[in-house]
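Me: Here is the model I want to go through. Start with whatever we need for the pockets.

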Amino acid sequence: MKQIIGFLIICVMLVCEVLAGDQPPVVRGSKPNIIYILADDLGYGDLGCYGQKAIQTPQLDRMAEQGMRFTDHYAGSTVCAPSRCTLMTGLHQGNARVRGNKQNQLEDQDLTVAEVLKTVGYKTGLIGKWGLGIEGTPGEPSAQGFDYYYGYLDQIHAHNHFPAWLIQDGKQVSLDNSVKFKKPNYTDVLGSAATEKNEYSQTVFTEDALRFIEESRDEPFFLYLAFVVPHVNNEGHIVGHHGMEVPDQGIYADKDWPDEERCKAAMISMLDADVGRILDHLQELGLAENTLVIFSSDNGPHKEGVNPEFFESNGPLKGVKRDLYDGGIRIPMIAWWPGTVKAGTESDFPSAFWDMMATFADLGGASIPVGKTDGVSLLPTLLGQPEKQQAHNYLYWEFLGTQPFHQTQVVRSGDWKLIHFLAKDTWELYNVRRDLNEDHNLAAKNPEIVKRLKDYMADGHSYNPVYPLPTEK
């Protein structure tokens with residue numbers, strides 16, 4: 001009798017699948033693996049597939065040729081910690097806990113992508129830069145849903161690409177580098193640079209990622225691979241260096257460029273090669289057709305140690321890191337999934353970091369509690385079904401940097417973007433589809449659009465005692 005009932009249940013399930021023809025096929029069989037690769041301070045224009053001419057990025061260009069390139073994708077913020085908080089929690093900067101680089105720790109009540117995916121059986125791993133809580137705190141990766149982690153927990157520690165040690169599941173793991181600290185007898189993780197350089201963290205992370213993938217091949221896994229290049233070591237000056245740390249300058253060693261620019265180019269090309277190794281490894285293991293790989297960056301290009309205009313790192317956009325013009329927040333995003341994401345495709349759908357939680361939950365068949373995300377699933381776009389893609393009413397950012405001109409709120413709705421400079425209470429409105437460089441302020445000519453976006457801005461902001469708006473202090 002149990003066998004007959006079981007047979008009938010299977011038949012009903014099969015009929016339901018046939019009737020639900022508009023459902024993505026990827027959620028019916030084995031759960032797809034998810035690898036999210038994040039660069040640090042890589043600009044919109046730093047890759048060949050986004051217009052870069054001088055720096056060679058053949059592997060990422062191949063990834064774009066074999067997958068989907070997003071032209072209107074945005075980071076969570078214009079600096080590291082809040083951007084990563086938004087990525088991990090699915091909340092934009094008006095609702096996220098971490099909105100700046102101070103007091104940047106997640107708490108027990110925060111829900112992360114890793115925690116959501118664990119509910120449906122995913123093995124979860126973090127390799128690289130975390131920046132949302134050190135060991136022994138509620139923000140430690142192991143307390144936020146990660147089964148395994150290895151890398152930098154403190155984001156200033158991550159400035160040093162040749163560290164003396166990294167943290168693996170709560171314990172220090174020594175590396176073969178000698179390190180000098182900014183202050184005599186300074187034993188904290190902050191403010192360090194290497195005097196003897198043997199182990200480069202980028203290489204260490206890539207090798208560990210390859211191992212994690214191979215060891216996880218028999219179960220669905222989520223790997224958050226947060227590389228640190230091409231971020232500058234802001235403390236490089238303590239050893240007489242500009243801070244663009246790389247083992248060698250490779251194919252750029254003979255270029256008639258400033259030394260720091262040769263190093264930056266080498267960092268990006270090394271990043272490119274390592275992404276290629278990840279993709280090739282998936283192919284070799286037979287995992288490529290069941291693995292979504294996404295590559296992106298945490299914010300726009302930095303100007304510490306280098307000149308972002310030298311390689312036109314922000315491409316056609318205005319602004320750099322710490323700006324809320326698009327050059328500070330619009331970033332590359334490439335999705336690769338052979339056999340599922342159509343090769344050579346492009347999407348101009350306005351999306352952002354906070355969409356990743358909803359997207360990955362959709363892929364894995366997980367549910368997100370009501371009110372726990374500001375994002376929408378991008379799965380319809382990835383599957384080539386833009387007519388089924390849920391749109392945002394608006395995308396929202398706020399940034400309260402130390403300089404008055406950095407104290408800004410921004411809303412994008414459709415093609416329109418409204419910027420509020422809080423210190424002077426001035427407003428700028430741009431059609432970012434027609435005016436990519438945000439040259440023509442149309443606020444005075446479009447009062448109705450300004451009012452609508454102001455309402456979205458008011459809707460987007462929630463009070464945060466650590467980062468109150470100037471009017472709330």
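Reply: A pocket, on a 1 Å grid over the protein atoms alone, is an open set of points where a 1.4 Å probe fits, with protein on both sides within 12 Å along at least five of seven lines; lining residues have an atom within 4 Å of a point. This is a predicted model, so local features need pLDDT of at least 70 and side-chain atom pairs pLDDT 80 or more, while totals for chains, interfaces and linings use all residues. Numbering starts from 1 along each chain as its sequence is written, and side-chain values use heavy atoms, without hydrogens or water.

Me: Fine. What volume does the largest pocket have?

Reply: About 720 Å³, counted as the space filled by probe spheres set on grid points joined across faces, edges and corners.

Me: Sheets next. In what order do the 10 strands of the open sheet run?

Reply: β7-β6-β5-β4-β10-β1-β11-β12-β2-β13, with mixed pairing. Strands (E, at least two residues) and helices (H or I, at least four) are DSSP runs numbered from the N terminus, and two strands pair if DSSP finds at least two bridges between them. At the edges are β7 and β13 (345-347), each pairing on one side only.

Me: Which strand pairs in the parallel sense with β4?

Reply: β5 (residues 148-152), which pairs with β4 (residues 123-129) over five bridges. G128 is opposite G151 of β5. By contrast, β6 (residues 165-168) and β7 (residues 171-174) run antiparallel, joined by four bridges, with Q168 and K171 as bridge partners.

Me: What about the turn of that hairpin: which residue takes a positive phi?

Reply: D169, with phi near 50°; two residues lie between the strands there. D41 also has a positive phi, near 70°, and sits in the loop between β1 (33-39) and α2 (58-65).

Me: Where is the cis peptide bond?

Reply: Between V229 and P230, with omega about 0°. P230 belongs to the loop between β10 (221-226) and α6.

Me: Back to sheets. Which strands make up the antiparallel open sheet of four?

Reply: β15, β16, β17 and β18, in that order. β15 (395-400) and β18 (426-431) have a single partner strand each, so one side of each lacks a neighbour in the sheet. Neighbouring strands are turned by 15° on average, direction ignored. Between β17 (residues 416-421) and β18 there are six bridges; W416 has N431 as its partner.

Me: Which helix lies across those strands?

Reply: α10 (residues 447-460), across β15, β16 (407-413), β17 and β18, at about 65° to β17. Axes are lines fitted to C-alpha atoms, for helices over the stretch in contact (heavy atoms within 4.5 Å), and angles run from 0 to 180 degrees between N-to-C directions.

Me: Last one: at roughly what angle do α5 and α6 cross?

Reply: Roughly 10°, and the axes of α5 (residues 201-215) and α6 (residues 259-284) come within 10 Å. The two helices are therefore roughly parallel (under 35 degrees; over 145 is roughly antiparallel, 65 to 115 roughly perpendicular, the rest oblique). Residues making the contact include L210 and I213 of α5 and L271 and I278 of α6. By class, the contact has seven nonpolar, four polar and four charged residues.

Methods: Nonpolar A, V, L, I, M, F, W, Y, C, P; charged D, E, K, R; others polar.
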